[in-house]
Amino acid sequence: MASTEIMTVNMGPQHPSTHGVLRLVIELDGEIIRKITPHIGYLHRGIEKLSEHRTYHQIIPLTDRLDYLAPMSNNLGYVLAVEKLLDIKVPERAQTIRVILAELTRIKSHLVWLACHALDIGAMTVFIYAFREREKVMELYEKLSGARMTSNYFRVGGLSAELYDGFEKDVREILDTFPGYFDTYEGLLTKNTIWLQRTVGNGVISAEDAVDAGITGPALRGSGVNWDMRRDNPYSGYEKYKFVVPVGEKCDTFDRYKVRLVEMRESVKIVRQALDSLKPGPILADSPQVCYPAKDSVYNTIEGLIHHFKIASEGFPAPEGEIYQAVEAPKGELGYYLVSDGGNKPYRMRIRPPSFCNLSAIEKMANGSMIADLVAVIGTLDIVLGDIDR
Amino acid sequence: MAENHRAVVKLKEKFADSLLEVKEFRGEVTVTVKKENIVAICTFLRDSLKYNLLSDVTAVDYLGREPRFMMVYNLYSIPNKDRLRVKAPVEESQTSVDTVSTVWSTANWLEREVFDLFGITFTGHPDLRRILLTDDWVGHPLRKDYPLQGPDREPYQGRLS
């Protein structure tokens with residue numbers, strides 16, 4: 001008679017397939033998982049506390065560092081929240097550019113997900129290909145904002161700078177080439193026997209359980225819940241674009257994979273529509289008490305210089321009140337809850353991180369499966385520890 | 001108007017005694033209720049009004065005000081695509097609230113975070129441990145009387161140069 005004994009195994013925080021500094025303490029019965037205890041917080045930087053001591057503009061660079069694979073989506077959620085609090089209207093051109101960048105960010109974030117998820121399961125080629133394509137979006141970021149990852153490009157009321165010459169050409173090149181790359185990934189994975197064996201029937205979570213567990217974004221849509229904030233609670237002019245919201249059926253890792261691949265193709269469509277409708281115009285709201293002045297006036301007039309100095313050093317007061325603004329970030333619902341006491345800094349800023357809530361369901365999804373399948377579940381949840389720990 | 005909001009109408013019918021305030025700001029409706037009834041109200045909102053997704057649980061520290069803390073629950077209804085915010089005041093002398101993790105399981109981690117950073121305890125919570133900070137951490141950083149640079153360092157005086 002073989003004796004059965006529960007063995008406790010530590011996984012992480014430095015483990016390549018935990019996607020950052022995630023530590024899991026796993027209780028195993030042979031190779032079967034009996035209990036998972038996640039330990040997080042290794043990357044906690046206290047962004048919410050820091051935000052209480054910064055003016056509204058100074059918080060934007062902090063938001064870059066939440067989900068560092070999708071900085072523009074974080075920026076977007078934050079500036080929309082402050083704009084809602086201030087009740088200012090952003091010009092159409094700025095809104096359209098925001099949508100273009102947010103969707104390119106979604107593609108970029110999904111490419112990292114695909115690359116790492118495939119690598120974890122053993123498909124190394126996809127990893128190299130997806131990172132190669134991601135680099136093209138990063139180059140665009142760098143040309144536009146000066147930084148590959150921490151873009152800090154959006155401002156309260158609009159954008160920090162006008163697009164560079166040739167932006168449209170660069171984006172169109174991405175739009176023309178990327179669908180072909182997506183075909184390549186699908187060619188490598190969708191009918192690949194190893195891929196199917198590792199993903200079909202793995203990490204199943206029913207729609208009801210997923211909603212109860214607070215899962216949002218593509219992970220929730222993979223479980224068959226037809227909900228996308230871009231369509232259902234549109235912001236930044238998303239109601240103008242036509243796109244399909246993909247939904248899974250079998251609630252497993254393979255369906256979540258398909259959902260994200262369709263999402264990337266839909267993002268390409270949205271960017272194309274947005275680019276076609278892009279018209280010249282102002283990129284900042286007509287609210288001088290909130291927005292930075294144009295660089296031309298800062299360098300050439302004393303009034304402009306004083307104006308810039310005042311906004312940079314003192315910021316602007318926000319009316320007393322509280323608002324919650326959520327956006328459909330690549331990983332799910334990213335929400336900002338702002339409480340203002342009338343001062344130039346938020347009294348409280350709460351970030352509702354998508355990865356945090358998605359990760360909390362890991363035990364429900366992986367319990368009872370083999371330890372090797374846990375790696376696939378971590379990959380399919382698409383977590384980023386910067387977002388979880390804040 | 002906030003008074004015509006579908007949830008507010010129903011809550012006024014069913015929980016008139018627990019309702020403290022109804023407010024609308026920028027199109028968002030906030031309902032403040034007594035913390036004693038929070039589980040009953042949340043269950044009612046989930047079952048009868050289809051607020052099936054608990055987006056967020058957090059707290060705010062209004063130091064110097066009475067009651068000092070405010071619990072904040074941001075709810076979303078996926079069938080009806082609308083939001084509702086429920087708040088519940090918590091006194092400093094009795095910083096405990098009943099857990100809503102029995103209503104939505106996502107509240108488990110979110111309440112642990114509130115416990116970790118604000119020191120509010122949740123009665124009936126299945127696993128109330130610190131989540132972001134280490135187990136031996138002293139203090140609760142998001143409280144307003146916790147200094148920004150940490151308790152063991154001189155307060156930041158601004159740039160000297």
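How many residues does helix 11 of chain A have, and how far does this helix reach from its first C-alpha to its last?

## Helix 11 of chain A

Helix 11 (residues 253-276) of chain A has 24 residues and reaches 35 Å from its first C-alpha to its last. That is close to the 34 Å expected at 1.5 Å a residue, the expected span being 1.5 Å times one less than the number of residues. Helices (H or I, at least four residues) and strands (E, at least two) are DSSP runs, numbered from the N terminus.

Of the 24 residues of helix 11 of chain A, 17 are buried, so this helix is largely enclosed by the rest of the structure. Buried means under 20% relative accessible area (1.4 Å probe, protein chains only).

## Basis of the model

This is a predicted model, in which local features need pLDDT of at least 70 and side-chain atom pairs count only at pLDDT 80 or more, while totals for chains, interfaces and linings use all residues. Residues are numbered from 1 along each chain, chains are lettered from A, and side-chain values use heavy atoms, without hydrogens and water.

## Where chains A and B meet

In contact (heavy atoms within 4.5 Å) are 44 residues of chain B and 49 residues of chain A. In chain B, Arg26(B), Trp109(B) and Leu132(B) lose the most area to chain A, together 19% of what that side buries; buried area is the accessible area (1.4 Å probe) that two parts lose on being put together, summed over both.

Ten salt bridges are counted between chain B and chain A, each a side-chain nitrogen of Lys or Arg within 4 Å of a carboxyl oxygen of Asp or Glu. Glu322(A) forms a salt bridge with Arg85(B), with the closest N and O atoms 3.8 Å apart.

Methods
Buried < 20%, exposed > 50% of the residue type's maximum accessible area, 1.4 Å probe, protein only.
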